[in-house]
Amino acid sequence: MKLADEFRTTTTTAPDAVDADVLVIGYGPVGQTLAALLGTAGHRVLVCERRVGRYETPRAGHFDHEIMRVFQSLGIADDVRRIAEPARVYEFLDRDGSVISRLPREGAAPSGWDASYHFYQPELEDALDAAVRGASTVDVRFGAELVDLRQGTDHVVVTLADGGVVTARHVVGADGANSRVRTLCGIPTKDLGFRGDWLVVDVRPRPGAPVPDIPDTGQVLDPARPNHMGRVAQRYFRWEFMLVEGDDPTEMVKPERVWELLRPWIGPQEGELIRQTVYQFRSVVAATFRHRSVLLAGDAAHVMPPFLGQGMSSGVRDAATLGWMLDLVLTGAADPELLDLYTLSRRPQVIDYIEESVRVGTVVCETDPVRAARRREEMRSATELPAPFAPPVGAGFRAGQPLAGHLAVQPLLRTGSGKTERSDDVLGRGFTLFSVVEPDEATTAAVADLERAIGLRSVVVGAAGVQEDGEALSDWLKAAGVVAVLVRPDFYVFGTATDLFEVVDLLASLRASLSLV
């Protein structure tokens, strides 16, 4: 196989001479999300999945409010709510089941949704697949395995296992931790130091059987065998057991051994095994998420231990960011160099999530009885709960400004008909300028310029403008000491302004940062 940079051409390929604007390799939740985002924006997307059908067993089991906002942007939030269950509490438990520490997840989060959700992955993929199928410009091909990838000046040529050849302006590898796309591009990875083998078991209670009495999410700090339990959704449950010295992975997955481990909570008369497998939890990140016209997303770009439940969520964040960047490049609004911002924006935040996951995992996985006892007592005696972990993105914002780089709130707005709706449902998808002051002539002109260039949405909230239901936005701006905030399509703050003069400067800065043509 040849590396991607071994094939070069000096010719330029016209957009209609390629098979797709974007070729997505892999049709898990990350590939599905990206395909749906690009497809609903009108771009020609081809998805190639090496399997002959969708993967029908669960893997991921948690996403957060930010990811629900992405699903909202695809118009599937109501469908997802029907199959996902809010996860209200995260508990650290002693080996006898007593609570050591409890981290509540109750109440609305900044994105306007519940803070956390548990779900059964095949059902989530049904909802995402429907969104993809609803986009007429997306084609999904199963049994289409990538074997070679070569890059030209402005296109990529992909060879499939059946001998077929596909050309695309861009390729996105969403093909998992053992990514063929990443390997063919020669992109190295960095191991951040965590590694552990865990038995993962998914169970469906039998009809009429009692529901296991377990928390939404429980980490059991048992040095003899650290383990986890949780409600995957309304009808499914998950247990995870760390393999310790002397465990044979092939023996651990045998049903009799699995039921032995599950005996305190459920037995074969009450439940059905859906899946039992040994996973190696790792912490790995690619050196870059872009190689010319090829990009990486999800596990192809980063792998983290599951102790924060942020693996799939980080991949969906990749798709949300990559979606708007590719949209600007494909429409000709921005130069392809904008895609350099993808790695700079996503990779530092991903590393923050990995390092925090490793930190929590180090506590959970402690097998030394003395150190484990000390940590349990430290957690019991803690008087303050940690704030929700929400690191900023790494780039693509005005550094030094209040709120910049952090996740934006989604306010409730009152529409002209008197209804109250989430702002994204009122305004649509794209860059959004929220302000609490009326624009002057210069601001109006600057807004109009970016409306033409990138479809900027602008809304004045309060007074004579759009009315807010509640004070989520106004309180957020007031606490930061600003009168306006400019939000990226992936819901992160580009920058803020303390007066109208700064709004004009803010919009000019956005134009420069996006490499607009």
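1. Leu-403 is buried, at a relative accessible area of 19%; buried means under 20%, exposed over 50% and partly exposed in between, with a 1.4 Å probe and protein chains only. Leu-403 sits in the loop between helix 10 (369–381) and strand 20 (412–414). Helices (H or I, at least four residues) and strands (E, at least two) are DSSP runs, numbered from the N terminus. Although Leu-403 is not a glycine, its phi is positive, at about 75°. Most residues other than glycine have a negative phi.

2. A word on the model before going on. It is a predicted one, where local features need pLDDT of at least 70 and side-chain atom pairs count only at pLDDT 80 or more, while totals for chains, interfaces and linings use all residues. Residues are numbered from 1 along each chain as its sequence is written, and side-chain values use heavy atoms, leaving out hydrogens and water.

3. Please also have a look at Arg-292, another non-glycine residue with a positive phi, here about 55°. You will find Arg-292 in the loop between strand 17 (290–291) and strand 18 (294–296). Its relative accessibility is 25%, so Arg-292 counts as partly exposed.

4. Leaving aside residues up to four places away in sequence, Asp-490 touches Glu-66, Ala-320, Thr-321 and Trp-324, where contact means heavy atoms within 4.5 Å.

5. Now the whole chain. It has 14 helices and 26 strands, and its C-alpha trace spans about 70 × 60 × 40 Å along the principal axes. Of its 517 residues, 55% count as buried. Among contacts between residues at least 6 apart in sequence, 73% join residues at least 24 apart.

6. Finally, the surface and the charges. The chain exposes about 21400 Å², with carbon and sulfur atoms supplying 50% of it; these areas come from the Shrake-Rupley method with a 1.4 Å probe. The chain carries 54 positive and 72 negative side chains, and the centres of the two sets lie 3 Å apart. Lys and Arg count as positive and Asp and Glu as negative, without His and the chain ends, and each charge is placed at NZ of Lys, CZ of Arg, CG of Asp or CD of Glu.
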